[in-house]
Amino acid sequence: MRILTVSDKIEPVLYGPYLRERVGKIDLVLGCGDLPDYYLEYLIGLLDAPLFYVHGNHDPARDVEDAQRATAGQEFRVSDWGNDLHGRTVHYRGLLLAGLEGCRRYSPNAPFQYTEAEVAWQVINLLRRLYWNRLRYGRYLDILITHAPPRGIHDAEDLPHQGFASYLKLLRACRPTLMIHGHTHVYNRNNVTETDFGATRIINTYGYRVLELAPQWETGGWELVRSS
Ligand SMILES: [Zn+2]
């Protein structure tokens, strides 16, 4: 399973005619926020792969229909275009995915910004859904996608760039193979973009990454075999 993950920045090497040569065959695109729809549409159109995404703090607010779907939080049928994963989990081609959107609140009334207390509730609600995964598939989750990082990992001390401690609780409880986030801009090669936390590899996808996962037959889950 080859996965393209993107966030925060339109990559000229992807947004052009040589996308397929650059990334190879891609089974799935994961969007971690702060990217315009036209870019995501371009990627999934040319790669012929489905998209699962969460919104970032720079994305425009949801329209009414989207907002109703999001608050209802119910299971959804995987669509050819994008699938908003916020607060939801989905089983797609043997992979258990879930997502949480947004970043820490730093300006009133802006969309996709939350306090730590609000995110704590989002995590509790998501955990309820993930318990069902555990009953049904024998494990909670394979990949968590978020916009913001967890607190203390790939984050910063200024309020807009502080991560959420509640994400770490979810990782401890569910031990997914991967957590993919964006939001933290990467300025040079010295910036740490991959960190192991318990059983989970946390990856800042700022720009883009290509990940290769292989099935783990004993657990029914997945392992990361390559990231580039
Ligand atoms: Zn952001």
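Modeller: Two residues are taken to be in contact if their C-beta atoms, placed from the backbone, lie within 7 Å. Helices (H or I, at least four residues) are DSSP runs, numbered from the N terminus. This is a predicted model, in which local features need pLDDT of at least 70 and side-chain atom pairs count only at pLDDT 80 or more, while totals for chains, interfaces and linings use all residues. Residues are numbered from 1 along each chain as its sequence is written.

Two packed helices are described by the angle between their axes and the distance between the axes. Here α4 (residues 116–137) packs with α5 (residues 165–174) at an angle of about 20°, and their axes are 8 Å apart. The axes are lines fitted to C-alpha atoms over the stretch in contact, and angles run from 0 to 180 degrees between N-to-C directions. The angle therefore makes α4 roughly parallel to α5, a term for angles under 35 degrees. The crossing of α4 and α5 is right-handed, that is, the near helix is turned clockwise from the far one by less than a right angle.

On the α4 side, the residues that meet α5 are Glu-116, Val-119, Ala-120, Val-123, Leu-126, Leu-127 and Leu-130. Their counterparts in α5 are Ala-165, Ser-166, Lys-169, Leu-170, Ala-173 and Cys-174. By class, this contact has 10 nonpolar, one polar and two charged residues. Ala, Val, Leu, Ile, Met, Phe, Trp, Tyr, Cys and Pro count as nonpolar, Asp, Glu, Lys and Arg as charged, and the others, Gly among them, as polar.

Definitions and conventions
Helices (H or I, at least four residues) and strands (E, at least two) are DSSP runs, numbered from the N terminus. Angles under 35 degrees count as roughly parallel, over 145 as roughly antiparallel, 65 to 115 as roughly perpendicular and the rest as oblique.
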